[in-house]
Number of protein chains: 4
Amino acid sequence: MKSAEYKRLLPEIAYDCILRNTMAQVAYQEIIEEIYAELKSVENPGKVATYIPELGNVSPDKFGVYLRTVAGETFHYGDSHELFSIQSIAKVLLLALAYKTIGIKLWERVGVEPSGNPFNSLVQLEYDSGIPRNPLINAGALVVCDVLMSEFSDAPAELLTFIREITGNEKIDFNARIANSEKENGYRNVALSNFLKSFGNIHHDCEEVLDFYFKLCSIKMSCKDLADTFMFLANNGRSPDRKRNILTPSEAKRLNAIMMTCGFYDEAGDFSYRVGLPGKSGVGGGIVAVYPNNYSIGVWSPKLNEKGNSYLGIEFLERFTSETGLSIF
Amino acid sequence: MKSAEYKRLLPEIAYDCILRNTMAQVAYQEIIEEIYAELKSVENPGKVATYIPELGNVSPDKFGVYLRTVAGETFHYGDSHELFSIQSIAKVLLLALAYKTIGIKLWERVGVEPSGNPFNSLVQLEYDSGIPRNPLINAGALVVCDVLMSEFSDAPAELLTFIREITGNEKIDFNARIANSEKENGYRNVALSNFLKSFGNIHHDCEEVLDFYFKLCSIKMSCKDLADTFMFLANNGRSPDRKRNILTPSEAKRLNAIMMTCGFYDEAGDFSYRVGLPGKSGVGGGIVAVYPNNYSIGVWSPKLNEKGNSYLGIEFLERFTSETGLSIF
Amino acid sequence: MKSAEYKRLLPEIAYDCILRNTMAQVAYQEIIEEIYAELKSVENPGKVATYIPELGNVSPDKFGVYLRTVAGETFHYGDSHELFSIQSIAKVLLLALAYKTIGIKLWERVGVEPSGNPFNSLVQLEYDSGIPRNPLINAGALVVCDVLMSEFSDAPAELLTFIREITGNEKIDFNARIANSEKENGYRNVALSNFLKSFGNIHHDCEEVLDFYFKLCSIKMSCKDLADTFMFLANNGRSPDRKRNILTPSEAKRLNAIMMTCGFYDEAGDFSYRVGLPGKSGVGGGIVAVYPNNYSIGVWSPKLNEKGNSYLGIEFLERFTSETGLSIF
Amino acid sequence: MKSAEYKRLLPEIAYDCILRNTMAQVAYQEIIEEIYAELKSVENPGKVATYIPELGNVSPDKFGVYLRTVAGETFHYGDSHELFSIQSIAKVLLLALAYKTIGIKLWERVGVEPSGNPFNSLVQLEYDSGIPRNPLINAGALVVCDVLMSEFSDAPAELLTFIREITGNEKIDFNARIANSEKENGYRNVALSNFLKSFGNIHHDCEEVLDFYFKLCSIKMSCKDLADTFMFLANNGRSPDRKRNILTPSEAKRLNAIMMTCGFYDEAGDFSYRVGLPGKSGVGGGIVAVYPNNYSIGVWSPKLNEKGNSYLGIEFLERFTSETGLSIF
C-alpha cells in the first residue's frame, strides 16, 4: 500500500488515537511516579497472605512497578527489580504452553467462563461435573498440569524451558522451599485434585500433578521479569525482541480474552471495569497486565484485598489507565 | 506536539497497527460478504425464542449485518435494515442513561461481576442478598429501571428521548404489543422484582417497575440502528457525528468493560474468547459489538444457541474478527 | 384373640412400655409446671417476628402449654387459652385436606424431602425445576393452595370447614387484618408464586393463590386449639372424639412422617434430635407436636431463635420429652 | 404401682395399641413371606453398585430379611444369613461409639441436619464452612473417625471391640480386600478429608483417617447380624440380652432421631414418608431399621435406586409397615 493511499484511508480518528497513545507514552514515567507518590500516603486496608511463611515474611510495604512498551522502552519505579512469589500469575504461562501444544482440544477438559465464585470453590466444579470453569482458577490449572504431563515426559522442566525462552532470563526457576510450604498447607488443592480425579478429569497420579502444580506456584519474579515475560501477549504472540513467535496472533488474543474475564477470580468484572486491561493476579501481591500492541506492566504490593488481589496493585492500575486515558475499551 | 517529535515517538508498532486496521477496513465489505456466504450453508442448530408470539413468528432465516466505522464509513449485507425486537440489548442503553445520571452511586445497588449463571437465575441474587451481579442480567436491569424512576418523573419517556438523541432516529419507539406479550409471560420477572423488593432493592411499586422494564425490552431496531446507536461506545462517548458527548470517555470505557464481562450471560467468557469485542445480545437474535476507536457492528439471526444467544451472530463475529485479525486483544 | 393367648404373646417389654407411659401421664401436670417454672428464669435470646404489626405487637413474655391425651385427659399451664397467629402451622391442615382429597397425585407437584435451607429460599426451587421440596415450606404450601383451588370452587371456605370439623370449634376463622398485613409485606411470597408459575407449577392466577395463602397464614388459635385440632394426627386419623375418621391411619402416619422431616425448616434435624416428636412451628411462636397414640401438645412463646422457631417452645418440648422419657424414638 | 391403679390409668387406647402390636407380631412371619413372594415378581429397575469389584460381583438377585423383636423372637426369610458388605450402615455404629465416648461435644464438629443433597456432595460442606451436616454422610463419618482417633490409641480396634460386644458376635471383622478396593477408588473421600482438613475439622493425618474410614466401610454382616447389632437402638440402649447398657435410653433415642432425618441421604424424607421407621442404608444393598420398643430388622437386596438405596429393600419395608399397620408415626 502506498503512502498516499494510506493517508487517504487513515481516518482522523486513528490520528487521534496515535496521538493520545504517543502523548501518554511520553508521560508514562511521570504518571507512574505521581501515582506512586499518591498511593504511598493512601491507607491500605489489605492484608498480606500468611498461609505459608514465604509469603507471610515479606515486608508489607514493598511496592514496585515496571512497564515495557512493545517498542522496548521501559519505565519503572520502587521495588521493581526485587523478586517475589508470583503464585497464580504463572498459571497463564502454563496455559500458554498447553494451548500452544494441544490447541483447542484443551477446551474439552476446561472451560473459558468466569467462575463467579471464590477462587478455590468446589461448588461450581461439582455443578459442572468436574470441568473447571476456566484454566486460571486452581481446579483449572490442576487439569492443565495434568494435560501437560501427558504431552511431556518432564512437564515441569518443559514449562521452565518455555518460560526462560519467552523472557530470555535463564535464572527463572522453581523455588523448592515455597513449593514445599505450599504442599504442607495445600489440603484444599489435594481435595481439588482428588475431586477432579473422581470425575475422571485428572489422568495422572494426584500426588504427581500436585507436585507440578506446587512447583508452578513457587516461581519468583520481579516486576521487571513479569513485564518482560508477558510482553508476548502485548505483542501478538511475538517474543519481546519481536524475532520469534511464542504464540500465533490469534492464540495470543485468546489468552488475553481469558485473562480479561477470568484473571481475577470473582473480581474479574471489577478489574475490567476499573482498569480495563487483561491481567492476572497472584496471592504474593503481584499483578501483570497487558495493553495489546502497546505495553505490558508488572505491579507488586503484598497486601491483598478481601478478594485476594493486591489492593494497591489494582489501585495503581486503575489510576494509571485513567490518567493515561488508555485501555482496551 | 510537532510533527517531527511525533514521528520520532511513533513506534514502528503503531504503524503496523494502523496499517493492519486500514487494510482490514478496505476489505470489510468483502469479508462480510464472504462470511455471510459461508454461513448461509452452515447448519444452524439454534432455536428461535418462542415464549412470546412476536418473537416466535419471525422467519428463522433472517440474517443481517451492519458495520459503521468511527469515521462514518458503513458496510452492510442481508437483512440489515429490517426491524426486529432488540430485547436485552436495550439494557445497555438503560445503563448508559443511569450511569450518566447518578454516576458511581449506581454501584451501591448493582454489581459489575459476571453472573456465571443462567440469565434469569435467582440463586445468585439470594446469595448476594438482593444485589444483582451486574446491570445486564434481568435482575440488574430491573434495579436500574427503579433507579431511573427515582430520577425522572417519566423515566420511560426520558429513556426514549435519550436513545433518539444518541442515534438521531426519532422513529425508535416502544412496541406496545411486544411489551404486553412480555407482561403476560413474565412470571419470572415478576418473581425477580418482588424478590428484589423483599431485599429493599426496589423502591417503587413492582408493577410500575415491570411496566418500564417490559417497555424497555420491546424496542425494535434494525442492524443499522444498532450500529448507529452504539457508535458512541466505540467513539469514547461522542455522538456518531462526533459533535456531542453522550458520555465522558471514561464512562464509555467502563460501559464497554461491563459489556465485555457481562454482556452474554453465562457465555461471556466464550464470547470474549471467540470474538474479543465488548458486546450485548438479545433473545430476538440481535447482537451488537463495538471495537473502540474503530467500529460498531449490529448482527441479527433469530436462532439462538442453548445459552440464549444468536448462534449465527456469534459465528459471524468470530469469523469476522479472525479474518480481519482485529479485536481489542 | 383370647385373653390367655394375648397374655402369652404380650412381651414383658410391652408391659414396661405401658407402665412408663402410664407413670409419665400421671406426672404430666407436675412436669409441665416444673419445666415452665425453670424456663421462666432462663434467659431467652430469641426475637419476636416484627415483619407485620400483628406479630410485632404481641407481648414477648407470653408462654402457654396445652397437652391433650388420646384418652381425652388435658393438662395445661400459662397462656394456654390465649389466641395467637399460628402462621405456618396451618400448612399442615392445608396439606391434610389436599392429601385427603387427591391422594398421592399430590406428590407429582411437591416433594417430601427436607429442604436443608432457610424456609423462604428460592435456590432449591430453581435447582428442582419448580417442584418444591416439601409442602411445609412456603413454596410447597403455595402449590398445595393451587391444588385445592382446582378441587373446590371456594377452597378457602372448604379449608375452614375442614378445620372446624376436625376440631369442633366453629370460631376458628381467617383474620382479615393479619392476611392484609401479610399481603402488604409478602414480596417474597409474590416472588415465589410467580417463580412457581414460570415453571408451570401454579395453575391459577398468582394473586388468587396468594390471597388463599395469606388467609391460611392468618388463622389464630390458642395452645388448646392447637392440641385439639392436631389430635387427629396423634389418633390414627380419628377425630378427637374418636367417632369419625378425618384421615385413614396410613394417611395420618404419613403426615406425621412429613412433619418429622420437614416441620422445622432447616432445623428439622435438630428438633428431631432434641424433641423426638413430629411437629410444626410458626413465626407467631407457636409449635404443635404429636406423640402418636399418646398425645398432642401446643406450646406458645413468641420469641424466635435465629432459625425462626420459638426458642422457649423447643426448649420446653425438649425438656418435656426428656423428663417423661417418652418420644417416638 | 398396684395393678388396680394401673388398670384404671391404662387408657383404652393403650390396649388398642398393644393389641395391634401383638396381633401384628403373630403375623410377622406370614407377612414377611407374603411380601417376599410379591416382590420376587416385581420388576426391579435398580442397579448394583460396581465401583469396587467386591460389590459388583455380588449376585443381583440376593434378597434376605431378618426381624428380631425386643422380646427375642425372630423371623426371617431368603438370604438372611449370608454375609454382605454393609458399607455406610456401619457409620451408625461409629457414631454410637463416639457419642457414648465424648457426648454432646461431638456436635461442635458435626451437625444433625439432613443434608438435602447427594451423599458425597462438597457443596453443602463449603457452605457450612467445613462442618458436615450430619454424621451419616461421608464427610460427617470422616470427622467422627478423626474424633475417635483422638480418644483411642487404636480407634479401629476399639470400634471392632464395641461392635462385637453389642452383638456378641466375635466373627465380625474388617475386610481387608474391600478396604483396599475402597481406597483405590476413593478419590472423592480423599478430596473430602483434605477439604475438611483445610477447614481445620480433621486433626489427624488424612491418610490415617481414610484408612480408618475405609476399614469402617468394609465390614460384612448378614441380615441377622444387622438385626442383632442394631437391637440396642430398638431397646432403649440395652444390649440384645437386656443385661447391659450400650447407651443410655436418651442417647439411643437421639441416635434413632438422627437416623430418621439423615439415614437415607437425600431420600430421608421419602423413607420417613413410605416406611416410617428410623433406619440406615448402605451401597451394598443393605438396610437396617428399628421400631423402638418393638423390633429391629435387616433387609438386603443389592440393586440400588437412583438415590443409592436398595430398591427392593425400601419396597419391602414400606409394604411391611403398611401391612402390619405399625410405625413410629
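This is a predicted model: local features need pLDDT of at least 70, side-chain atom pairs count only at pLDDT 80 or more; totals for chains, interfaces and linings use all residues.
The overall dimensions may be taken from chain A. Chain A contains 14 helices and 9 strands. Its radius of gyration is 19 Å, close to the 20 Å given by the globule rule for 329 residues, so chain A is as compact as a globular protein of that length. Along the principal axes, the C-alpha atoms of chain A occupy a box of roughly 60 × 50 × 40 Å. Buried residues make up 60% of the 329 residues of chain A.

In chain C, 5 strands form an open sheet in the order 3-2-8-7-6, with antiparallel pairing. The edges are held by strand 3 (74-78) and strand 6 (279-281) of chain C; each has a single partner strand, so one side of each is left without a neighbour in the sheet. From one strand to the next, the twist averages 5°. Within this sheet, strand 7 (residues 286-291) and strand 8 (residues 295-300) of chain C pair in the antiparallel sense over 6 bridges. In that region Gly286(C) stands opposite Trp300(C), a residue of strand 8 of chain C.

Strand 2 (residues 64-69) of chain D is mostly covered, with 6 of its 6 residues buried. In a regular strand, side chains alternate between the two faces of the sheet. Both faces of strand 2 of chain D are covered: Gly64(D), Tyr66(D) and Arg68(D) are buried on one side, and Val65(D), Leu67(D) and Thr69(D) are buried on the other. One partner is strand 3 (residues 74-78) of chain D, paired with strand 2 of chain D in the antiparallel sense over 5 bridges; here Tyr66(D) stands opposite His76(D). The hairpin of these two strands has 4 residues between the strands, and Gly72(D) takes a positive phi near 100° in the hairpin. Strand 2 of chain D also pairs with strand 8 (residues 295-300) of chain D, in the antiparallel sense over 6 bridges. Leu67(D) has Ile297(D) of strand 8 of chain D as its bridge partner.

Two helices of chain B complete the account. Helix 11 (residues 223-234) of chain B has 12 residues, which at 1.5 Å a residue should span 16 Å; the end C-alpha atoms are 16 Å apart, in agreement with that value. Helix 11 of chain B is mostly covered, and 12 of its 12 residues are buried. The buried residues include Lys224(B), Asp225(B) and Asp228(B), as well as Phe230(B), Met231(B) and Phe232(B). After helix 11 of chain B comes Asn236(B), whose phi is positive, near 55°.

Phe212(B) belongs to helix 10 (residues 206-216) of chain B. Why does Phe212(B) count as buried? There are 24 other C-beta atoms within 10 Å of that of Phe212(B), and the cut-off for a buried residue is 20 or more. Leaving aside residues up to four places away in sequence, Phe212(B) touches Cys145(B), Met149(B), Ala155(B) and Pro156(B). Phe212(B) and Leu142(B) are 70 residues apart in sequence, while their C-alpha atoms are 8.6 Å apart in space.

Definitions and conventions: Residues are numbered from 1 along each chain as its sequence is written. Chains are lettered from A and ligands numbered from 1 in the order in which they are written. Two strands pair if DSSP finds at least two bridges between them. Axes are lines fitted to C-alpha atoms, for helices over the stretch in contact, and angles run from 0 to 180 degrees between N-to-C directions. The radius of gyration is taken over C-alpha atoms; the globule rule is 2.2 Å times the number of residues to the power 0.38. The expected span of a helix is 1.5 Å times one less than its number of residues. Two residues are in contact if their C-beta atoms, placed from the backbone, lie within 7 Å.
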